[in-house]
Amino acid sequence: MTDSPSDVGNIIDGKAIARRLTDRVKAEVEALHDATGATPGLAVVLVGNDPASEVYVRNKALQTHRAGMRSFMHMLPASTPQEEVLDLIRLLNDNPQIHGILVQLPLPAHMDPVVVTNAIRPEKDVDGLGAVNAGRLSLGIDGIVPCTPLGCLMLIRETLPDLRGLHAVVIGASNLVGKPMAQLLLREGCTVSIGHIHTRDPKGLARQGDILVVATGRSELVRGDWIKPGATVIDVGISRVPTSDGKTKLVGDVVFEEARKVARHITPVPGGVGPMTIACLLHNTLQAARPLLEAAS
Ligand SMILES: Nc1nc(=O)c2c([nH]1)NC[C@@H]1CN(c3ccc(C(=O)N[C@@H](CCC(=O)O)C(=O)O)cc3)C=[N+]21
């Protein structure tokens, strides 16, 4: 971030902000280790071999080690019965070396993601996707906040110190991003609108947003004329698309080159929300480990 942002096209450096958060987590992990003799541990469960998911999962393991935590990886074949995944989660729930459990989504079609995510003990649900943490968020009680929306809020706060009264428009109503994002923005005092697949005029809605968060999974859905001049735009989407020279590139749900001419602040893809999601996962794992370790020591 620059000290004197111009009126349009300021890029929010998610990578740098994520690095600062990860460094802070690392220092706190060391302090917790000195106080209790224990190290926070994160278990990641990946079912199936979606190549994109494997990249994220490896990335998460790398960052987990970088922050001084233990990483436990469980890769299961796509054909694994749901009951076996639930058995694994029960083992992880009872394992005192593990303080955070994440089941990578999407799961294979024969599994119910609601059943699987709700099998995780709420204290170890570092994705914040289970009913207890989702309910806490909606009631305004302290709990574990989903990593991607938490990261988005941190990025928004970098550009806008006081969100009260601003109109925040969230495009996408998933349990993973859209719904918890809307709850967080409501908690900050925003007027919140949620657009979704049945919304009649998504462009007209998006154009009202002083803050626009886009999490649809549809690459380059949002064009420059969807954006209110001067808005802060947070692009959660990440898709790999082919380029004219036969290679591939990562793009978001927003047409970046158009949007940056209209938005005052905007996140890039890559280098925006993605790195913040991982940094917030480490932050959440530390928050989960703290009470468990302090109670044990
Ligand atoms: N239970 C669950 N929790 C998740 O948080 C979750 C999930 N399931 N399923 C998949 C999505 C996707 N996701 C990403 C995290 C980091 C990057 C990331 O670090 N991206 C880099 C680039 C990575 C690259 O180069 O491929 C960036 O945007 O700069 C991307 C995507 C978390 N997800």
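## Annotated binding-site residues

An unreviewed UniProt entry places the feature "binding site" at Gly172, Ala173, Ser174, Ile197 and Ile238; such positions are given in the numbering used here, with feature names shortened, and the annotations may be inferred rather than shown by experiment. This is a predicted model, in which local features need pLDDT of at least 70 and side-chain atom pairs count only at pLDDT 80 or more, while totals for chains, interfaces and linings use all residues. Residues are numbered from 1 along each chain as its sequence is written.

Alanine 173 sits in the loop between strand 5 (167-171) and helix 7 (178-187), where helices (H or I, at least four residues) and strands (E, at least two) are DSSP runs numbered from the N terminus. Alanine 173 counts as partly exposed because 18 C-beta neighbours lie inside 10 Å; a residue is buried if 20 or more other C-beta atoms lie within 10 Å of its own, exposed if 12 or fewer, and partly exposed in between, with C-beta atoms placed from the backbone. Setting aside residues up to four places away in sequence, alanine 173 touches Gly178, Lys179, Ile194 and His196, a contact being two residues whose C-beta atoms, placed from the backbone, lie within 7 Å.

Isoleucine 238 is found in the loop between strand 8 (232-235) and strand 9 (239-242), and with 19 C-beta neighbours inside 10 Å it counts as partly exposed. Beyond its neighbours within four places in sequence, isoleucine 238 is in contact with Leu250, Gly252, Val269 and Gly274.

## Two domains

The protein chain is divided into domain 1 (37-127) and domain 2 (146-274), with bounds that come from an automatic or database domain assignment. The C-alpha centres of domain 1 and domain 2 lie 27 Å apart.

## Glutamate 258

Glutamate 258 lies in helix 9 (residues 256-259) and is partly exposed, because 16 other C-beta atoms lie within 10 Å. Not counting residues up to four places away in sequence, glutamate 258 touches Arg223 and Gly224. Glutamate 258 and threonine 285 are 27 residues apart in sequence, and from C-alpha to C-alpha they are 37 Å apart in space.

## Helix 10

Helix 10 (residues 273-296) has 24 residues and reaches 35 Å from its first C-alpha to its last, which is close to the 34 Å expected at 1.5 Å a residue; the expected span is 1.5 Å times one less than the number of residues. Because 17 of its 24 residues are buried, helix 10 is largely enclosed by the rest of the structure.
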